[in-house]
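Read the sequence alongside the model below.

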Amino acid sequence: MTSSLTESLADREDLQIRSTYPSTRLTVADLEQVQGILCQAHLDYQLELVDGKIILMGPSDIVSSEIGAEFGSLLLNWVKPRKLGRVFESSGGFILPNSDLRTPDVSFVTASRLKQSKRYFAELVPDLVGEIKSQFDRVKPLREKILSFIELGAKVGILIDPDDRTVTIYTPTAEPVVLRDGDTISIPEVLPGWEVPVAELWPIEFE
């Protein structure tokens, strides 16, 4: 944090109290307040709220970003013409039943569950969540994040690892399935008929 930002945070008595008593659980309202302070300081950071703690999210490397954009586009190109639901990128925040606020790298919500978007966080669990491992990510926390969505009601979780060139699919009722180049991704639980070769996710190399 910059010194000016630290001073701004210290000026907010309620946040100062929480920093004095670390056992106090922060809320979405606290996260919104911190976001407001960051905006005033012209700092654009992505935040998550996990177990009552605000987590500062760093930027990803451009390979992970490109894969996220490609995966989201492949979903959107299938979903939108058929009016099956909504696809969100990594800035889309979801307030979950356990009061966490999480932002999957890619997510999908069926049309019947979100008939109209509103100018706020979505207060539901996405039907599908996708996480793309960035250069500095560890797999275990990403897996735990996906499984937390599954436990709260997500039907499918997808972990994309560019380093191993693998796609792991998680569902509530089966063991994880690991796919590699030559395999095809399909998620009949939420998008029957949608199929994409794993190899299509990886960035191309221009000659």
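Two strands are said to pair if DSSP finds at least two bridges between them. Helices (H or I, at least four residues) and strands (E, at least two) are DSSP runs, numbered from the N terminus. The model is a predicted one, in which local features need pLDDT of at least 70 and side-chain atom pairs count only at pLDDT 80 or more, while totals for chains, interfaces and linings use all residues. Residues are numbered from 1 along each chain as its sequence is written, and side-chain values use heavy atoms, with hydrogens and water left out.

Start with the sheet. It is open and made of six strands in the order β3-β6-β7-β8-β9-β10, with mixed pairing. At its edges lie β3 (85–88) and β10 (174–180), each of which pairs on one side only. Direction ignored, neighbouring strands of this sheet are turned by 15° against each other on average. β3 and β6 run antiparallel and are joined by four bridges. F88 has S107 in β6 as its bridge partner.

Two helices pack on this sheet. The angles given for them run from 0 to 180 degrees between N-to-C directions, and the axes are lines fitted to C-alpha atoms, for helices over the stretch in contact. Touching, or contact, means heavy atoms within 4.5 Å. α4 touches β3, β6, β7 and β8, and its direction makes about 170° with that of β3. Helix α5 (residues 139–152) touches β7, β8 and β9, and its direction makes about 165° with that of β8.

Next come the cores. A nonpolar core is a set of buried Ala, Val, Leu, Ile, Met, Phe, Trp, Tyr and Cys residues joined through side-chain atoms within 4.5 Å. Buried means under 20% relative accessible area, exposed over 50%, and partly exposed in between (1.4 Å probe, protein chains only). The largest nonpolar core has 24 residues, of which I158, I160, V167, I187 and W194 touch the most other members. Two or more residues each come from α4 (62–82), β6 (106–110), β7 (128–132), β8 (156–161) and β9 (166–171). The most come from α4, which gives five. A second, separate core of 15 residues includes F94, L124, A154 and Y170.

Finally, look at the loop between β7 and α5, where K133 has its place. K133 is buried, with a relative accessible area of 11%. Leaving aside neighbours within four places in sequence, the contacts of K133 include S64, I160 and D161.
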